[in-house]
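Here are some notes for a colleague who is opening this structure for the first time. Please read them with the model on screen.

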Amino acid sequence: MRHVETGSPEPLGLTLTRDGVNVAVFSANALSIDVCLFDASGDAEVARLTLPGRTGGVFHGFIAGVTAGTRYGLRAHGPWAPHEGHRFNADKLLVDPYARALDRPFALHPSMFGHQGDGSRNTVDSAPFVPKGILLGDSVPRFDTRPHVPWGETVLYEMHVRGFTQRHPGVPASLRGTCAGLAHPAAIEHLIRLGITTVELMPVAAAIDEPLLARAGLTNYWGYNTVGWFAPDPRLAPGGIDELRRCVAALQAAGIEVLLDVVFNHSGEGDEHGPTVSLRGLDNATYYRTVRGAAHRYIDETGCGNTLALDRAPVLRLALDALRYHAHVAGVDGFRFDLATTLGRRDHGFDAEAPLLTAIAQDPVLRNLKLVAEPWDLGPGGYQLGAFPSAWGEWNDKYRDATRRFWRGDGGLRGELATRLAGSADVFAPRGRSPARSVNFITAHDGFTLT
């Protein structure tokens, strides 16, 4: 029987020490939090320990004798009161949002849903089907080997790691579909021949398929349905953060920058009918925006079923900690933010000085990286091209649309095309921003293929 001491509320997540592991989990509304330890296969739960300490909204404890490689998950006890925004269900094993690695990819299973068809709590244990976190030791920050390509000389190449490497004839079959394959000399030589300066990797974080796709036997290939913001998806980086780190280093050694496409606007848990695999079970009322007076429903400004409440301190911190982790440990050159208008939303709408955007601007590491916004979402007032902080670049769909209309022969476009080619001063200059902050793009993964 393992003994659990009070431990420390900092840092969040599981932190390995010489003598064991400190566990700290945020939940403002839970009554208690259990940490569950599993055997080496990740299939058998060998210990379930209640965290004895609580400091504010953080439950914490120290477990002696736990070592690197241990598989684990969380369970949260609290009220099942969806109309009040609470969806606690201790029968659902939850992925630690701070987990650095997962032992398997997500595969949606009926047991993962916290509710039954009539809305009552689902009491089937989901542990056999939920990925387990893997406890890692300290990660040494990478030295800064970033190429530091000036904004005005940046040529971006949006890339899906699996799609790019899967059929490249020069990449060994054993490496195709992975970050290790992207780090292979044949892949890098191809990128150099293209003349690009920067790759923008579509999401490599652990993601889950939407129920609609799973029922149809399909998958979310692009990966814009994140559950673990620290943990690389085992399908794309079987070697975890070390594989991503080596991939980034190999590209940078060739003079190529690496931006990660990150999804902080929503989580893969979807709407009120979706699974309970992490944040929903830990503290639904804090992490998500819910409808006032009908908290069993989610405000959906993303078109993905839910919206993360990034103006609340715990949610803001999760995003910042994940960004810093990838900047320090993987050494990436920057980030492209999916549906970035959501990052600046407050109760009254978009605010360029919202907490997350302001915090990034003040962070000594993040503020010096390349930050690119997809400057829209699906909510009211969601189109915000030109409204982001001055240091940010923005996907400029006005360039895309004008170029395509001109190319197909539409008339009266010479003036607009000239404006777009020159950096869309009509959009960016009024707020004193450089034309180089206009990311002029022709095509992306969201339709409008180049052919």
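1. In this predicted model, an open sheet is built from 4 strands in the order β5-β4-β8-β11, with antiparallel pairing. Its edge strands are β5 (45–50) and β11 (133–134), each of which pairs on one side only. Strands here are DSSP runs of E with at least two residues, helices are runs of H or I with at least four residues, and both are numbered from the N terminus; two strands pair if DSSP finds at least two bridges between them. Strands of a sheet pair through backbone hydrogen bonds, either parallel or antiparallel.

2. Some conventions should be kept in mind: residues are numbered from 1 along each chain as its sequence is written, and side-chain values use heavy atoms, with hydrogens and water left out. Because the model is predicted, local features need pLDDT of at least 70 and side-chain atom pairs count only at pLDDT 80 or more, while totals for chains, interfaces and linings use all residues.

3. Elsewhere, strand β14 (residues 205–207) runs antiparallel to β15, with 3 bridges between them; here alanine 205 is partnered by proline 232 in β15. Strand β15 (residues 226–232) is mostly covered, with 7 of its 7 residues buried, where buried means under 20% relative accessible area, exposed over 50% and partly exposed in between (1.4 Å probe, protein chains only).

4. Is arginine 289 buried or exposed? Arginine 289 lies in the loop between α6 (279–287) and β17 (290–291), and it counts as buried because its relative accessible area is 6%. Beyond its neighbours within four places in sequence, arginine 289 is in contact with residues including Tyr298, Glu301, Asp311, Arg345 and Asp347, contact being heavy atoms within 4.5 Å.

5. The largest pocket holds about 1000 Å³ of space and is lined by 36 residues, of which Leu156, Tyr157, Glu158, Phe441 and Thr443 lie nearest its centre. On a 1 Å grid over the protein atoms alone, a pocket is an open set of points with protein on both sides within 12 Å along at least five of seven lines, whereas a cavity is a set where a 1.4 Å probe fits but cannot get out; lining residues have an atom within 4 Å of a point. Points are joined across faces, edges and corners, and a volume is the space filled by probe spheres set on them. The largest share of this pocket's lining, 4 residues, comes from β12.

6. The second largest pocket has a volume of about 480 Å³, and its lining of 23 residues has Pro11, Leu14, Thr15, Arg100 and Tyr325 nearest the centre. Helix α7 supplies the largest share of that lining, 6 residues.

7. The largest nonpolar core has 66 residues, and those with the most contacts inside it are Phe264, Phe335 and Phe337; α7 gives the most to this core, with 11 residues. Apart from it lies another core, of 38 residues, among them Leu14, Leu16, Val21 and Leu94. A nonpolar core is a set of buried Ala, Val, Leu, Ile, Met, Phe, Trp, Tyr and Cys residues joined through side-chain atoms within 4.5 Å.
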